[in-house]
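I opened the notebook to record what I looked up, one topic at a time. The sequence and the structure come before the entries.

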Amino acid sequence: MADGISIEIESLATAKPGGAGGDLVLFVGEDLALSPRAAEIAGPGAADLVARAAAVERFKGKASSALVITAPAGLSAERLVVVGTGADEAPARDWATLGGFTAGKIGSRPACVVLEWPGTAPGSDEVAAFSLGARLRAYKFDRYKSKKTPEGEEASGAGRLTLLVPENAGLKKALRGAEGVAEGVILARELVNEPPNVLDPEEFARRTEALEKLGVEIEILDEKDMKKLGMRALLAVAQGSTKEARVVIMRWNGAEDSSEAPVAFIGKGVTFDSGGISIKGSGGMEDMKGDMAGAACVVGLMHALASRKAKVNALGAIGLVENMPDGKAQRPGDIVTSMSGQTIEIINTDAEGRLVLADVLWHVQQTYKPRFMIDLATLTGAILVALGQEFAGMFSNNDELAQRLSAAGEATGEKVWRMPLAPGFDKLIESKFADMKNTGGRHGGSATAAQFLKRYVNDVPWIHLDIAGVGMGSPASEINRSWGSGWGVRLLDRLVRDHYEA
């Protein structure tokens, strides 16, 4: 796991003028003014150089814009990179995006970044967010490329950023926390990006054991264990594959009171989804290696919480299966009995993720008595029709929890949009032959899927996040150039940080 960048911190107060080769990065607002300290570090004439170059290039200092001056006269730096910050709206500024944009302009070059501009002296949280964004932007997945450098380009190592920042007593702690969160996001991206012939359920489960080095307790349930527990809905999905299913329970006990009820996160982990007997069309089926993005997020989140020593008891649970159309696969018309005792008529074997989640949700709420449960799943194409790739669909039985998660989404940029739960959706999944059907048809597909899951949570405060539009193949952003986005790690870490740590 690598983010392709190294970051060092130096005091802005003691930084030497002139820079030392590589890139020198300065920040300006729409007035193009440098802070006195930035001008001093850049050297005499830097302000005039920026003003003249900006006039030629029509650079206005707007947010997410940059002016690159090659071989700047009078400076030892090879390039002067001037990054626009827009209007002075520091309280609302997205520091992670700023860090990602800056890292994108630097690439693999060494750079000295003067993180200050007039009217702005970033605190520890802002510097940490900047470093987080830079790390996430630098990540790439090229493990299986025999040539890692495009034809005609020189090979280069990881980028090196030296951030010159105001001194702050809490900066080291904030940076350690941000690094742990970045590692969690990158871990989730790595898992989503892996090919399905490499990352099957058994291998996925094995990789979670790396979290034990951080103090996370890992329990892996094999098919024998699941049969004993009665997880027949989950096992029905797996029975068409030669790859055995797994359930992984991850526990981080960071609260002062070890007996405090945990917060719980549950992930759908279908390592490849062919659709089963109700087989998908061939177009784009290769993307179904990412049908485990919910489980990947949960693993990344547990890494983040443990890495930054979060003062909370947290539980992560993931159901890992492969959905294949073997002769032993479940059929439309089959009836399976879930761990809860409720029976399910299988209408479409491609509506498999809810069967996996049903048993894992039931197990978590019955065994661990959590404060709340949040599940994440690339569950329905219908959520893409409703929300595109701008939001994850959020369904909840608890207003306070939903409001808190919405606020965390606004703060991190991993936004959620609350969708309805209603008795009418329940009627759509009624079955003539069993307690319920596993799909209610085309209309309201995301809502009927959520309504199905609601039958397995009882009265526990609960949120279902349908991340089909954001968990894989999401649009490129300033902090992500990867097919696997690692969506949800920052969102859920922020929720825990803001509301559930002692």
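Entry 1, the record. At which residues does UniProt place the feature "binding site"? I noted that the model is a predicted one, and then I checked the annotation. The unreviewed UniProt entry gives K268, D273, D291 and E352. These residues are spread over 85 residues of sequence, yet they cluster in space, with a largest C-alpha distance of 11.5 Å. I looked up K268 and found it in strand β9.

The unreviewed UniProt entry also has the annotation "domain: Cytosol aminopeptidase", which covers residues 348-355. I checked that span in the model: it is 38% helix and 0% strand.

I traced an open sheet of eight strands with mixed pairing. The order I wrote down is β7-β8-β10-β9-β13-β17-β14-β15. Its edge strands are β7 (217-221) and β15 (416-418), and each of them pairs on one side only. On average, neighbouring strands in this sheet are turned by 20° against each other, direction ignored.

Strand β14 (residues 392-396) pairs with strand β17 (residues 462-466) in the antiparallel sense, over four bridges. G393 has D466 in β17 as its bridge partner.

Which strands does α15 touch? I found that α15 packs on the sheet and touches β9, β13, β15 and β17. The direction of α15 makes about 170° with that of β13. Helix α10 (residues 353-368) lies across β7, β8, β9, β10, β13 and β17. It runs at about 155° to β9.

Helix α12 (residues 399-412) packs on helix α15 (residues 489-499) at an angle of about 120°, with the axes 9 Å apart. That angle makes α12 oblique to α15. The crossing of the two is right-handed. On the α12 side I listed R404, L405, A408, G409, A411 and T412. They meet R490, L491, L492, R494, L495 and H499 in α15. By class, this contact has six nonpolar, three polar and three charged residues.

At what angle do α9 and α15 pack? Helix α9 (residues 293-307) packs with α15 at about 45°, and their axes are 9 Å apart. The two helices are therefore oblique to each other. I noted a right-handed crossing here. C297, G300, L301, A304 and L305 in α9 meet V489, L492, D493 and V496 in α15. I sorted the residues of this contact into seven nonpolar, one polar and one charged.

Entry 6, the six-stranded sheet. I also traced an open sheet of six strands, in the order β1-β6-β5-β2-β4-β3, with mixed pairing. β1 (5-11) and β3 (66-70) are the edge strands, each pairing on one side only. Neighbouring strands are turned by 20° against each other on average, direction ignored.

In which sense do β5 and β6 pair, parallel or antiparallel? Strand β5 (residues 110-114) and strand β6 (residues 159-165) pair in the parallel sense over five bridges. V113 stands opposite L163 in β6. As a reminder to myself, strands of a sheet pair through backbone hydrogen bonds.

Last, I looked at helix α2 (residues 46-57), which lies across β3 and β4 (79-84). It runs at about 110° to β3.

Notes. Residues numbered from 1 in each chain as written. Predicted model: local features only at pLDDT ≥ 70, side-chain atom pairs only at ≥ 80, totals over all residues. Heavy atoms only, no water. Axes fitted to C-alpha atoms, helices over the stretch in contact; angles between N-to-C directions. Parallel < 35°, antiparallel > 145°, perpendicular 65-115°, else oblique. Left-handed = near helix turned anticlockwise from the far one by under 90°. Contact = heavy atoms within 4.5 Å. Nonpolar A, V, L, I, M, F, W, Y, C, P; charged D, E, K, R; others polar. Pairing = 2+ DSSP bridges. UniProt positions renumbered as here; feature names shortened; annotations may be inferred.
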